[in-house]
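I set out to record what I looked up on strand pairing and salt bridges. The entries follow the display.

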Amino acid sequence: MASQWENLLQNAGTWEGTFIRLSPEGAIASQTPSRLCLEQLGDRAARFELTRFPADAPSTTHRNEFATLSRSVLFGNDGSFTKGSMQWSPVSDFGTEFGLTQPEARLRLVQMYQRGGELDYLVLITETRAGCDPVVRPTLTMEQLVGTWQGEAVTYHQDWTVSSFPTHLTITQTAPDTIAQTLTYGSSPAIASQGQRVGDRLLFTQSELSYQLLLLPHGGSSLCPQRIPRVTAFVCELGWLLNPTTRLRLVRQYDRTGAWLNQTWIKECKMAE
């Protein structure tokens with residue numbers, strides 16, 4: 001099994017992209033071109049440099065060299081990763097970041113919460129490896145999600161051990177703006193839920209914990225609680241529709257005390273009807 005450093009370095013190189021800041025409802029507040037460089041300095045050392053080019057201000061550059069990896073980040077075998085807060089608390093800010101990595105493109109997402117647990121804003125980052133032609137994907141739609149998806153999931157634990165299992169997801173459209181879905185992870189009991197479309201969001205409000213699935217540009221999606229209540233387990237997720245029949249998902253899981261547990265990478269394929 002590859003080490004965390006080997007997985008990290010699958011992101012090495014120069015990535016050209018755009019930071020898109022969004023309201024909790026998905027309204028675009030700003031778009032800022034960017035260039036990110038990750039350079040390997042040794043077997044266990046790297047340099048990170050991020051430059052942003054705002055339209056109405058001088059460019060800014062953030063640089064960092066590091067020889068250790070934070071305990072709050074995990075990298076998958078393809079270079080995909082999650083990082084962020086290791087503990088949710090109602091008296092502190094809380095945030096997560098996801099990165100789905102392909103050889104020539106990446107999709108990243110930041111979800112930020114206010115103190116008290118209200119979703120504050122999101123940042124979607126679309127990136128293409130320098131020298132490669134960008135692949136333009138349209139905004140994800142509810143209709144693209146409808147169908148039966150079979151996949152393979154890999155869970156990465158904080159001790160860097162991994163476990164894998166199959167997944168099965170069925171999404172049906174029960175009304176013009178309503179879907180029903182049933183999700184099964186391995187041999188666990190199926191999880192059923194119903195979502196209502198409101199603009200570019202699907203709202204799942206059948207329990208105390210209300211989730212929203214925000215349909216994003218570039219085939220992306222953001223799943224997270226609208227508000228994080230006390231003493232409740234929850235998940236946050238980035239999804240990416242690569243093509244009509246292939247979707248990646250990256251899930252960061254927290255327990256009922258607000259402690260971060262693990263991350264799960266999922267690749268799903270839509271079954272022919």
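**Entry 1**

I first examined the hairpin of E10 and E11, which has 4 residues between its strands and in which tryptophan 160 takes a positive phi near 70°. I note that the model is a predicted one. Strand E10 (residues 147-157) and strand E11 (residues 162-175) run antiparallel, joined by 10 bridges. I located valine 154 opposite serine 164 in E11.

Strand E12 (residues 178-185) is antiparallel to E11, with 8 bridges between them. I looked up isoleucine 171 and found glutamine 181 in E12 as its bridge partner.

**Entry 2: salt bridges**

How many salt bridges does the structure hold? I recorded 14.

I looked up arginine 197 and found a salt bridge to aspartate 177, with the closest N and O atoms 2.9 Å apart. Arginine 197 lies in strand E13 (residues 191-198) and aspartate 177 in the loop between E11 and E12, so the pair ties together parts 20 residues apart in sequence. I list arginine 197 as partly exposed at 23% relative accessible area, and aspartate 177 as partly exposed at 33%.

Next I checked glutamate 237, which forms a salt bridge with arginine 249, again from the closest N and O atoms, 2.9 Å apart. Are glutamate 237 and arginine 249 buried or exposed? I found both to be buried.

Conventions: Residues numbered from 1 in each chain as written. Predicted model: local features only at pLDDT ≥ 70, side-chain atom pairs only at ≥ 80, totals over all residues. Heavy atoms only, no water. Pairing = 2+ DSSP bridges. Helix = DSSP H or I, 4+ residues; strand = E, 2+ residues; numbered from the N terminus. Salt bridge = Lys/Arg side-chain N within 4 Å of Asp/Glu carboxyl O. Buried < 20%, exposed > 50% of the residue type's maximum accessible area, 1.4 Å probe, protein only.
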